[in-house]
Amino acid sequence: MNCNELLEVLLDYVNGEMLVESRTSVDVHIQGCQHCGILVQSYVHTMRVAKALPKCKLSAAFEAKLRAMLEPELKGEKPKPTS
Amino acid sequence: MPVRLREEGRMFDPPPEKLTPELVFREYAPRIYNIARRMLGNDADAEDVTQDVLLQVVRKLDTFRGDSQLATWLHRVTVNAALAHRQKRANRQKHENHEADEDSLGAGSSPTPGRKWDIGPEETVLAAEQAGIIEKAIEQLPEPFRDVYVLADVEGLPNNEIGDMLGLSLPAVKSRLHRARLRMRDLLAPHFEGKVTP
């Protein structure tokens, strides 16, 4: 396996969607290629940091605006028909 | 027992309580906003989408037979609303909005060799500054890449579901996700690469 071939299968490799033999080829290449070792490390990290991102929060002002908009529904009333 | 708000691969966990407008507001408004904010890149657009989607779901609550049906529906509606909002914004700005084909997004050059990243093996807790850097990097992704990256890696949705939502084939989803990750890598490298040892 060469570096270009590794790049083509990298997504399947990190997602665990490769056959064992193919996965072994990648593992062997990584062990012998510093550039690809760094590539895989950093590629996996872009996935990890995405997963670790905190949730975006609603501002207090927007939450209040939403509550006001939904007031009839939140009170269990039927909304007035819009003209 | 507290409701688990998120588990691996699920954007919206069905809460165990009965669906009421208040529950939907409390549990789902933040999640709708979260995905809209990341797809659209700014608070104002995300708020517009959140408002529209929340209104739809609260007014249609009676039509949902169960929590999981609502969760599934919310995935699609939120993404569709964000895409529609983006389209409207592009039309308002009088830009021609061509559907991006894979070629127009650039073939992607080979990743440049770099230094090993200075990160722990299982680092999952982000400092506020790091989170800010990553959010900015996501905003810099071209929209076709950003959508897939947000849905797959941030929200944890499976690729086939992303394809259904975005009208893409599975190979197209994987291609865009792969290129999104490579771009993110380039954007984050200056912040994570270890120092050169003399």
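1. **A salt bridge between the chains.** Lys55(A) pairs with Glu155(B) in a salt bridge, and their closest N and O atoms are 3.6 Å apart. A salt bridge here is a side-chain nitrogen of Lys or Arg within 4 Å of a carboxyl oxygen of Asp or Glu. Across the interface of chain B and chain A, the rule finds 5 salt bridges. Over all chains, the whole structure has 17 salt bridges.

2. **What the model is.** This is a predicted model: local features need pLDDT of at least 70, side-chain atom pairs count only at pLDDT 80 or more, and totals for chains, interfaces and linings use all residues. Residues are numbered from 1 along each chain as its sequence is written, chains are lettered from A and ligands numbered from 1 in the order in which they are written, and side-chain values use heavy atoms, with hydrogens and water left out.

3. **The interface in numbers.** Chain B brings 50 residues to the contact and chain A brings 39 residues. Contact means heavy atoms within 4.5 Å. The two chains bury about 4200 Å² between them, with 64% of it on carbon and sulfur atoms. Buried area is the accessible area (1.4 Å probe) that two parts lose on being put together, summed over both. Phe25(B), Gln51(B) and Arg181(B) supply 16% of the area that chain B buries against chain A, more than any other three residues.

4. **Polar pairs and the chain B side.** Between chain B and chain A, 11 residue pairs are in polar contact, both residues being at pLDDT 80 or more. A polar contact is a pair of N or O atoms within 3.5 Å; within protein, one must be able to donate a hydrogen and the other to accept it, and residues adjacent in sequence count only if both atoms are side-chain atoms. Five helices of chain B each supply at least two residues of the side that touches chain A: H1 (21–40), H2 (43–59), H4 (128–140), H5 (143–154) and H7 (170–192). By class, that side has 24 nonpolar, 9 polar and 17 charged residues. Ala, Val, Leu, Ile, Met, Phe, Trp, Tyr, Cys and Pro count as nonpolar, Asp, Glu, Lys and Arg as charged, and the others, Gly among them, as polar.

5. **Chain B as a whole.** Chain B has 7 helices and 0 strands. Helices (H or I, at least four residues) and strands (E, at least two) are DSSP runs, numbered from the N terminus. Of the 198 residues of chain B, 46% count as buried. Buried means under 20% relative accessible area, exposed over 50%, partly exposed in between (1.4 Å probe, protein chains only). Among contacts in chain B between residues at least 6 apart in sequence, 68% join residues at least 24 apart.

6. **Helix H6 of chain B.** H6 spans residues 159–166 and is mostly covered, with 6 of its 8 residues buried. Among them is Asn159(B), at a relative accessible area of 14%. Leaving aside neighbours within four places in sequence, Asn159(B) is in contact with Asn15(A), and also with Ala152(B), Leu170(B), Val173(B), Lys174(B) and Leu177(B). Just after H6(B), Gly167(B) takes a positive phi of about 70 degrees.

7. **Salt bridges within chain B.** Arg76(B) forms a salt bridge with Asp164(B), the closest N and O atoms being 3.7 Å apart. Arg76(B) lies in helix H3 (residues 67–92) and Asp164(B) in helix H6, so the pair ties together parts that are 88 residues apart in sequence. Arg76(B) is partly exposed at 36% relative accessibility. Arg181(B) and Asp153(B) also meet in a salt bridge (2.8 Å, N to O). That pair joins helix H7 to helix H5, 28 residues apart in sequence. Both Arg181(B) and Asp153(B) are buried.

8. **A network.** Salt bridges link Asp45(B), Arg86(B), Arg89(B), Glu143(B) and Asp147(B) in a network. In the bridge between Arg86(B) and Glu143(B), the N to O distance is 3.6 Å. Arg86(B) is in helix H3 and Glu143(B) in helix H5, 57 residues apart. Arg86(B) is buried at 9% relative accessibility, whereas Glu143(B) is partly exposed at 28%.

9. **A residue of chain A.** Val40(A) is found in helix H3 (residues 34–52) of chain A. Val40(A) is buried, with a relative accessible area of 10%. Not counting residues up to four places away in sequence, Val40(A) touches Leu6(A), Leu10(A), Tyr13(A) and Ile30(A).
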